[in-house]
Amino acid sequence: MTTQTDLPRPPHQVLDGADIARVITRIAHEIVERAKGAEDVVVLGIHTRGVHLARRLHTKLTQITGRDIPLGTLDITMYRDDLRLKPARALEHTEIPADGIDGRLVILVDDVLFSGRTVRAALDALGDIGRPRAVQLAVLVDRGHRELPIRADYVGKNLPTSLREAVQVRLSDTDGQDAVLVGDRDYAARSSQAMAAPSTPE
């Protein structure tokens, strides 16, 4: 017999569009304060959703400082340590501002910080591009379960999760809405199995 506790937990929303907008604004103010005006800041978004978040952060930083903060994108595909374990991925574009990153404070932007391996790959990619003065990390969600000693400098929301859970970041740029959802990683598969399984007499 399948009990209520055996059923997979469907995704539930933990952040909506207004929450995400407030997070971006707060992080922008924190960057300006910590970087003493953000005069040498360069914002780089990690593909894919990190790029969209970086653009929003860039817009807010420009509004706050009155300056056009340099903005770029970073593709880490060839720097990942799981290339042999997963199917080949399409390469994205790395776009570095014309003045480069040497001697600048680089703010890496990503959607979810999990194991830390994506950020490590991003640091390796940066090392082949230039030598920044410092590198800081801004993430929308930190869900814990780090496998490497990496910590975000700016966090939208600390979200304690279990390893069986998945965090979904949806952005209007790619998904039609802004939201952060948390639910069982195998929700769809377990739901299908539960529906297909014959009921067991009590």
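## The open sheet

Three strands, in the order E1-E8-E7, make up an open sheet with antiparallel pairing. At its edges lie strand E1 (12–15) and strand E7 (165–170), each of which pairs on one side only. On average, neighbouring strands of the sheet are turned by 30° against each other, direction ignored. Strands here are DSSP runs of type E with at least two residues, numbered from the N terminus, and two strands pair if DSSP finds at least two bridges between them.

## Basis of the description

The model is predicted: local features need pLDDT of at least 70, side-chain atom pairs count only at pLDDT 80 or more, and totals for chains, interfaces and linings use all residues. Residues are numbered from 1 along each chain as its sequence is written, and side-chain values use heavy atoms, with hydrogens and water left out.

E1 pairs with strand E8 (residues 179–184) in the antiparallel sense over 3 bridges. Within E8, Val182 is the bridge partner of His12.

Helix H1 (residues 17–34) packs on the sheet and touches E1, E7 and E8; contact means heavy atoms within 4.5 Å. The direction of H1 makes about 30° with that of E1. Axes are lines fitted to C-alpha atoms, for helices over the stretch in contact, and angles run from 0 to 180 degrees between N-to-C directions. A helix is a DSSP run of type H or I with at least four residues.

## Arg34

Arg34 belongs to helix H1. Leaving aside neighbours within four places in sequence, Arg34 is in contact with Gln136, Asp153 and Tyr154.
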